[in-house]
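Hi,

Here is the structure I promised to pass on. Have a look, and my notes follow below.

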Amino acid sequence: MISGRDEVPLLLVPEGDLQGSRWPLDKDEFIIGRGEECDLTISDRQVSRHHARIRRTPSGYMIEDLNSKNGTHLNGAPIMGHESLQDGDDIQIALALKLTFVGSEATLPLSMEEAGNMGLGQLRMEIQAHRVWIRSSEIDPPLSPPQFRLLELLYNNHNKVINRDTIAAYVWPGTEGVGVSDQAIDALVRRLRDRLSEVDSDHDYIVTVRGHGFRLDNPI
């Protein structure tokens, strides 16, 4: 449920590398585009520098395409002029990013099971920015590259058990897992657990499934 600092409409990423990321629409104007000055920057050449704009009006939130090269779609239809946003609407920015609009008066447009399957738990990652939060606290200093890749793999496969071979190949790219020992994987898991416990010592986010591998336990 949206509460506290989230009691405004927000944009939510339902799938892909940025799955679970969210941006509160707490400004009168919110710009989406490739430019670094945008409120939501998407580093993809398909996205125009200033691609789309969401405005807060007395009658609600409106979205418009800013004459982008590759277009903006609302619920599968290209945006022509200004369109009103309703809770649960899907916004597609070119072919680069899909967003969901979540209204301030609503809970997330998901059941608890669906939210868990999407990774919308206490732990949240922004993959491109290399940032990790647990609830409202960001992990600082940032995770090391191997720690981040391991967490990313588990985060993108929430509720799935990931075996050691898959972990070795993903965390140490280019090796295809060859030469990566179980001891090296266990040591990495232990270090990552230690870093997560610095922020939340009451919950073990990485679960060992003996004989099979590891999975992420990310409570709603």
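Predicted model: local features only at pLDDT ≥ 70, side-chain atom pairs only at ≥ 80, totals over all residues.

How are α3 and α4 oriented to each other: roughly parallel, roughly antiparallel, oblique or roughly perpendicular? Residues are numbered from 1 along each chain as its sequence is written, and side-chain values use heavy atoms, with hydrogens and water left out.

Now the helices. α3 and α4 are roughly perpendicular to each other (65 to 115 degrees; under 35 is roughly parallel, over 145 roughly antiparallel, the rest oblique). The axes of α3 (residues 164-171) and α4 (residues 182-197) cross at roughly 75 degrees and come within 11 Å. On the α3 side, R164, I167, A168 and V171 meet D182, I185, D186 and L188 of α4 (contact means heavy atoms within 4.5 Å). That contact has 5 nonpolar residues, 3 charged and no polar.

Most residues other than glycine have a negative phi, and most peptide bonds are trans. N67, not a glycine, has a positive phi of about 55 degrees; N67 sits in the loop between β6 (60-65) and β7 (72-74) and is exposed, at 75% relative accessible area. A94 also has a positive phi, near 50 degrees, in the loop between β10 (90-93) and β11 (97-102), but A94 is buried at 4% (buried is under 20% relative accessible area, exposed over 50%, with a 1.4 Å probe and protein chains only). Lastly, the D140 to P141 peptide bond is cis, with omega near 5 degrees, and P141 is in the loop between β14 (137-138) and α2 (145-155).

Cheers

Notes: Axes fitted to C-alpha atoms, helices over the stretch in contact; angles between N-to-C directions. Helix = DSSP H or I, 4+ residues; strand = E, 2+ residues; numbered from the N terminus. Nonpolar A, V, L, I, M, F, W, Y, C, P; charged D, E, K, R; others polar.
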